[in-house]
Amino acid sequence: MNAAAHPARWRPPPAFFGTRGRQRAAIALALLYVAWSVSTLNIDLNRALAGMTRAVDLFARMFPPDFSRGALLAKGMIESLQMAFAATLAGVILSVPLGIAAARNLAPRPVYLAARGLIVVGRTFHEVIIAIFFVKLFGFGPVAGLLTLAFHSVIFLAKMLAEDIENVRTGPIEAVRATGAGFGQVVVYAVIPQVLTRTVGTAIYRLDANVRHSTVVGIVGAGGIGQTLSASFSRYDYDFAAAILLCIVALVALGEWFSDWVRGKLR
Amino acid sequence: MDARQEDAPGRTGDRPLLEVENLAKVYPGGTRALDGASFVVTRPEVIAIIGTSGAGKSTLIRCINRLVEPTGGRVLLRGTDLVRLGKADLRQARRRIGMIFQEFNLVDRLTVMENVLSGRLGSVGFLASWMRRYPARDVANAFAMLERVGLAGLHDSRADALSGGQRQRVGIGRALMQEPELLLVDEPTASLDPKTARQIMRLIRTLAEERATPALVNIHDVALAQGFADRVIGLKAGKVAFDGPASGLTPAVLTEIYGAEDWSRTIRPEAEEEAAA
């Protein structure tokens, strides 16, 4: 072997931009854009300082947190939790057929396209927009919040399930089909065992997310602790708002811990 | 329910076990994987299908149970043309054909027992199979089958806890639980070490003989094909280039199937093969 006749220097080719020249041009453009957008931001130092003094005032009025209206607080928290649990349950149940329909390797082409279309449209709108819509339809209160979270959970869980199904090993599916099994049996024997642990993990994650989201949708009037929080802010009851925020932090932390614990068990 | 008794009327007459006529498959991309392959199986025997990668071996056996839809030709299983069957009839026909795979294709997270019992899926209703409520006869047969393939006591192990050879034994058990009239075997030993490969080939051969079930075995290893098959079909570019007894594999035949190469070290006398196994 004659190593001297070969180049001793080698760098990996640029993966995304194709050539080194294009890569350099792209980086230069990105830097120019950052410089330009910073120059147009128009940062007003005086306004920022005024905000700081107001923040100090706000936090001073939040302290000490006022837990005296415990019943109202508890009612809101429990409502939020119930919304989160019910929405997750509905989401899990309804996402199974939608997820199967949206899996390219299981569903016939037209069914797949329809289900994917539904998921794309459903994911277009943020929870808050859906919540406003449901509040208009069903009035203020937890029903609108529950429907919002359930709707989003179905779409999210179905998308995750469809992607998990598309990633299963095809060999077992082929083998089960070869025994003369029908479609339902193929799903129950070759698909579900392969996606079950991931799907349970996703559902637990969604429960955790729904606990967080349930506090947000209340702000537009869809029930739960968020509605209580929004009301306390608009009445300048900052000490009560602080109590609510602390409870939300505790609840979300608890949800996160539970979700981690369950998913740890699943591995 | 016994598939064999149910299908008894179709089995009368003297139709061969399997007739493959001018079978063709053109994949959507335009690849012509099978180009008019024909052969007949008249008695229970182990038939090795050999040929280069891309000669159409895998497509051929998948076209027989229509895991791959053929684009032309006929497949007659005791006189019934499988290519023309509708969905429900195809399921019935698949029950009669057992299949064994290169990658074993077990469902990893299920137990050995569930994998073996899944061979009965074509004969058990959806709810019963979902709830794992198999007929007592199937359960007893499955235990007997596990013992027969050398896995007694492993029924509750998860499939992914087994070694390669053990997994293939589960795959064989699943296929035989169908009480098939025909076995399709796709590269059963390509994922196994040489010793395990010989044990698995011997097991397939013994079980096929015991049950008088013909087996079509895709196989890369010419020495294994020669050692364990009664008959060899050589595929070349989607056509049958050789069809004859395993002893008829001469350097000239191998050159015809695979192209020029020094074949003298590949073809070994029968006695030596047995000793190696």
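Visitor: Which residue in β2(B) is the bridge partner of E19(B)?

Guide: The partner is V40(B). Keep in mind throughout that this is a predicted model.

Visitor: What makes strand β1 of chain B a partner of β2(B)?

Guide: Two strands count as paired when there are at least two bridges between them. Strand β1, residues 18-26 of chain B, is joined to β2(B) by seven bridges, so the pair meets the cut-off of at least two. The two strands run antiparallel.

Visitor: What is the order of the strands in the open sheet of chain B?

Guide: The order is β2-β1-β4-β5, four strands with antiparallel pairing.

Visitor: Why are β2 and β5 of chain B said to stand at the edges?

Guide: Each has a single partner strand, so one side of β2 (32-41) and one side of β5 (80-81) are left without a neighbour in the sheet.

Visitor: Which helix packs on this sheet?

Guide: Helix α3 of chain B, residues 57-64, does so, touching β1, β2 and β4 (72-77) of chain B. The direction of this helix makes about 60° with that of β2(B).

Visitor: Why is L176(B) called buried?

Guide: A residue is buried if 20 or more other C-beta atoms lie within 10 Å of its own. L176(B) has 24 within that distance, so the word applies. L176(B) lies in helix α8 of chain B, residues 164-177. Leaving aside residues up to four places away in sequence, L176(B) touches G98(B), M145(B) and L207(B).

Visitor: Which residues of α3(A) and α9(A) meet?

Guide: L72(A), G76(A), M77(A), E79(A) and S80(A) in α3(A) meet I225(A), Q227(A) and T228(A) in α9(A). By class, this contact has three nonpolar, four polar and one charged residues.

Visitor: How many residues does each chain give to the contact between chain A and chain B?

Guide: Chain B gives 22 residues and chain A gives 18. On the side of chain B, the largest share is the four residues from α4(B). The residues on that side divide into nine nonpolar, eight polar and five charged.

Conventions. Residues are numbered from 1 along each chain as its sequence is written. Chains are lettered from A and ligands numbered from 1 in the order in which they are written. This is a predicted model: local features need pLDDT of at least 70, side-chain atom pairs count only at pLDDT 80 or more; totals for chains, interfaces and linings use all residues. Two residues are in contact if their C-beta atoms, placed from the backbone, lie within 7 Å. Axes are lines fitted to C-alpha atoms, for helices over the stretch in contact, and angles run from 0 to 180 degrees between N-to-C directions. Ala, Val, Leu, Ile, Met, Phe, Trp, Tyr, Cys and Pro count as nonpolar, Asp, Glu, Lys and Arg as charged, and the others, Gly among them, as polar. A residue is buried if 20 or more other C-beta atoms lie within 10 Å of its own, exposed if 12 or fewer, and partly exposed in between; C-beta atoms are placed from the backbone.
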